Amino acid sequence: MRQLVLLALVGLGAQLVDGSLGMAYGVTSTTLLLAIGTSPAAASATVHLAEIGTTLVSGVAHWRFGNVDWKVVAKIGIPGAVGAFAGATFLSSLSTETAAPVMSLILLALGLYILVRFTTFGLPRHNLGKPLRKRFLGPLGLVAGFVDSTGGGGWGPVGTPAILASGRLEPRKTIGSIDTSEFLVAVAASLGFLFGIGSQGIDFTWVFALLIGGVIAAPIAAWLVRHIPPRVLGSAVGGLIILTNTRTLLRSDWIDASDSVKWPVYAVIYLVWAAALAYSIREYRIERAQEKLLVEETEADESRSATA
């Protein structure tokens with residue numbers, strides 16, 4: 001019972017992050033399932049089955065709050081579903097011994113990308129309003145869907161920053177559109193895993209626990225997307241993913257590191273993570289102060305114009 005409650009809380013927390021940042025539900029949930037000994041294919045299958053429900057509720061909530069661009073959903077979601085099905089069948093064919101460190105490497109790379117991307121650059125806003133073309137969204141969806149299935153997460157970490165980096169779609173609509181299109185990816189990946197491994201290793205009570213937590217959090221996250229600082233949240237999530245998957249790799253048969261190696265590595269990660277969080281918080285406060293000053297200057301100019 002305690003384990004199910006923990007999984008529900010993980011699903012809730014992961015969906016809060018995913019719905020407000022546009023990424024990390026699958027990466028966060030899969031990382032936990034791997035840490036408690038679930039096989040890679042079963043872990044990814046469990047998460048994607050739960051995501052069918054969470055992404056549906058999240059998509060509806062984002063739509064209700066006006067956070068969805070349906071043209072983007074169609075252009076990226078369908079190729080994403082194709083890539084997800086291919087990735088699921090590929091992962092199902094790998095042995096557990098081979099797949100576990102491979103998945104951890106993918107998750108670690110995604111964690112590094114999230115940490116560096118959001119800590120260093122924040123959210124770019126150039127080229128806002130220009131159309132996103134199918135020749136960009138199609139290949140992006142195909143790659144993101146494949147990575148999502150093989151890594152147990154990756155649809156958001158690949159798709160969201162790529163669209164944000166283009167500067168053509170405002171952040172809240174980027175996040176809402178990625179979350180909504182993820183429903184197609186989750187369905188396709190789940191079918192791929194059921195085709196590849198059947199229900200072997202999948203605990204449907206775990207699926208239900210993750211689903212319940214995610215469904216509760218989805219509408220809250222859709223509302224929070226307008227208020228939460230993505231830069232800070234990205235740094236926090238990226239650091240957590242890096243730490244957890246580094247731990248998995250150091251304990252794997254590939255490396256089998258001694259304690260004298262593990263703890264210095266963990267210490268370095270903690271220090272870098274803390275520095276990234278501090279930097280993100282500082283930059284966010286600077287940006288807020290600059291925005292406040294700009295508003296005050298604008299109001300002052302309008303007041304002078306009105307009295308002139």
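A salt bridge is a side-chain nitrogen of Lys or Arg within 4 Å of a carboxyl oxygen of Asp or Glu. The structure described here is a predicted model, in which local features need pLDDT of at least 70 and side-chain atom pairs count only at pLDDT 80 or more, while totals for chains, interfaces and linings use all residues. Residues are numbered from 1 along each chain as its sequence is written, and side-chain values use heavy atoms, with hydrogens and water left out.

**Salt bridges**

In the table and below, a residue is called buried under 20% relative accessible area, exposed over 50%, and partly exposed in between (1.4 Å probe, protein chains only).

| Salt bridge | N to O distance |
|---|---|
| Asp-259 and Lys-262 | 4.0 Å |
| Glu-283 and Arg-282 | 3.1 Å |

Asp-259 and Lys-262 are separated by about one helical turn, because they stand three residues apart in helix 11. Asp-259 is partly exposed, at a relative accessible area of 49%, whereas Lys-262 is buried at 14%. In the other pair, Glu-283 is buried, with a relative accessible area of 17%, and Arg-282 is partly exposed at 47%.

**Overall make-up**

Helices (H or I, at least four residues) and strands (E, at least two) are DSSP runs, numbered from the N terminus. By this rule the protein chain contains 11 helices and zero strands. Of its 308 residues, 50% are buried. Contact means heavy atoms within 4.5 Å; among contacts between residues at least 6 apart in sequence, 85% link residues at least 24 apart. Accessible areas come from the Shrake-Rupley method with a 1.4 Å probe, and for residues only the protein chains shown count as cover. The accessible surface of the chain amounts to about 14,300 Å², and carbon and sulfur atoms account for 67% of this.

**A covered helix and an exposed loop residue**

Helix 2 (residues 25–35) is mostly covered, with eight of its 11 residues buried. Among these buried residues are Tyr-25, Val-27, Leu-33 and Leu-34.

Asp-256 lies in the loop between helix 10 (230–251) and helix 11. Most residues other than glycine have a negative phi. Asp-256 is not a glycine, yet its phi is positive, at about 50°. Asp-256 counts as exposed, with 58% relative accessibility.

**Surface patches**

Patches are made of residues with over 30% relative accessible area and no salt bridge; like charges are joined within 9 Å, and nonpolar side chains (Val, Leu, Ile, Met, Phe, Trp, Tyr) within 5 Å.

Leu-56, Val-60, Trp-63 and Trp-70 make a nonpolar surface patch of about 440 Å². Helix 3 (residues 40–64) contributes the most to this patch, with three residues. Leu-56 belongs to helix 3 and is partly exposed, with a relative accessible area of 45%.
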